[in-house]
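Could you put together a short briefing on this model for a colleague who works with structures?

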Amino acid sequence: MAHCLFISEIQLSIFHWIFVLDTSRQKHTAQATLAALARTCSAFHDTALDVLWQQFGTIARAIQSMPRDLWGGGKNRSSSLICLRLHRHLTKDDWSIFRRYALRIRQLSFAVQDVCCGQKLIVDIDDELLACLASMDPTQPLLPNLTSLEWIVYDEGDLRLIRRIMTKSITSLFLEFWAISSLPTLQQFISSIASACPSLRKLIVHSVAQASHLRYSVSQTLFHLHHLTTIHCGVLNAEALDHLSHLPSLLDLKFTLQQNTEFQNEPLFEQLQVLDVHVQDITSAVDLVSRMRNRLTNLSIFSDDHTRASILAQLFQCLSTSVSHYSLHRLKIIAERPPHDSFSVLKLEDLNPLLSFNRMTHVHLDVGCGISLDDVAALELAQAWPNIVQLILNKFLGTPLPSSMSPIGLLCFLKHCPNLLELTLEIDFSFIEEQDDQWHYWVGDITNCRLSVFDATYSKIHDAAKVAAFLCGILPRTARVGYSWMHAIDDQEEYAKRWNEASRLFRRMRK
């Protein structure tokens, strides 16, 4: 064998390519090849095992490497569940076997999955078994070289265990907290994250029932982390936001903005690319966006309260001045409930600032207030966003205002947006229903062969057959035609039945 193949760095590069070149989803060939290399040649053994366990190693597999009489159980023939239970005391020999593989594990997830004979299995590891492993050598972390940890914390026992797992090498940490009786213990644990994992770059903290009580401890933890690239958490105070806004490494931020937050400085977030913010009302989002200066690619805003068209217009104007016109690709704004003023309407002039973002690919506005777009407006949007892939306008929150867009406006999107895959618009189909000509020669050769989903939301129709025939002619590859009318609501049931019939006819005509 060539002398260069004894060099561990060269081995590592070659073995890594074995993993990369296997394009299958489960990568069985790569696993088998690396395992064979580890067994075949002593010179390859350690490096092949390192690559194999870094990519595919789990704590469940490390446990199963120990004698079977220790962990017992196995796969139930009638189930996709593997149960690992402690059946005897753990010995030093058992521990040395586990330790050999534990040193190589890089990722740990509470929702443990494994693959056996091509079947995806859920692995259930007994708490007593994990606690026994964690107590064997209290001077060292259970998995010393771990870089990614995902854990769901149900009780204080989980907190004690996870302290033994967290190590300074961790760069990605996902924690989901359920209702824990001892709130001070939980707050103390969160406050210790920065010292336990100083190299963190990705931190996701989700609390099912105690988000507001964790605000201070989470905020304090963030003050001591200086290399973060991704943060997903709950409510943050103004001081934490000020700290994060000046982190040059921060690229992805998801948080809840408390109402009336007073910023100490201008939160520029100059390097931020993805922002997902939950607000009580859109006004708070306007204040935040107006202070930023960055190159966002993705922006998502979720509001608990109703949204007026005038406030949304302000938000769009702020976006136009705060975010680079060449960077923003995805925009999503969701309001939980419609405004009290049912005649609050977004018009083309309100949307004009968004038209300057000519690289937009995904736009989802479920804002409750009406969006009044006629055929001219449809043409302007289609020409301004030629790369649009997904366009959703008021899919879930209907308004009493009738649609101003005819099928001609729909054709504008099909003609000028060749990459469109999903389109959700309210259309006035009366023009089609009034025509006797079923072939619609006026359409010409306008079709869209990529659109897979068309949703007519709250469009009102009276002749399901004519509408289905028209859509079938212009949407030859569309798999589904949807609508938002509810069968269970009396004043909507009539339209729901018509759209259900139109959808059925559409599928039949395409065959």
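Here is a brief look at some helices and a few individual residues.

This is a predicted model, in which local features need pLDDT of at least 70 and side-chain atom pairs count only at pLDDT 80 or more, while totals for chains, interfaces and linings use all residues. Residues are numbered from 1 along each chain as its sequence is written, and side-chain values use heavy atoms, with hydrogens and water left out. Helices (H or I, at least four residues) and strands (E, at least two) are DSSP runs, numbered from the N terminus.

**The α2 and α3 pair**

- Helix α2 (residues 28-40) and helix α3 (residues 42-56) have axes that come within 6 Å and cross at roughly 150 degrees; axes are lines fitted to C-alpha atoms, for helices over the stretch in contact, and angles run from 0 to 180 degrees between N-to-C directions.
- That angle makes α2 roughly antiparallel to α3 (the term applies to angles over 145 degrees).
- Residues of α2, including Leu-34, Leu-37 and Ala-38, meet residues of α3, among them Phe-44, Leu-49 and Phe-56, where contact means heavy atoms within 4.5 Å.
- By class, the contact of α2 with α3 has 10 nonpolar, four polar and no charged residues (Ala, Val, Leu, Ile, Met, Phe, Trp, Tyr, Cys and Pro count as nonpolar, Asp, Glu, Lys and Arg as charged, and the others, Gly among them, as polar).

- Helix α14 (residues 309-322) has 14 residues and reaches 20 Å from its first C-alpha to its last, close to the 20 Å expected at 1.5 Å a residue; the expected span is 1.5 Å times one less than the number of residues.
- Because 10 of its 14 residues are buried, α14 is largely enclosed by the rest of the structure (buried means under 20% relative accessible area, exposed over 50%, partly exposed in between, with a 1.4 Å probe and protein chains only).
- The cover over the buried residues of α14 includes α13 (282-291), β12 (298-303) and β13 (330-335).
- Helix α20 (residues 490-510) has 21 residues and reaches 31 Å, close to the 30 Å expected.
- Tyr-495, Trp-499 and Phe-506 are among the buried residues of α20, whose cover includes α19 (464-474) and β20 (480-482).

**Individual residues**

- Asn-394 has a positive phi of about 50 degrees although it is not a glycine, and at 9% relative accessibility Asn-394 counts as buried.
- Thr-457 has a positive phi near 45 degrees and is buried, with a relative accessible area of 1%.
- Gln-64, in helix α4 (residues 59-64), is partly exposed at 27%.

Note on methods: Angles under 35 degrees count as roughly parallel, over 145 as roughly antiparallel, 65 to 115 as roughly perpendicular and the rest as oblique.
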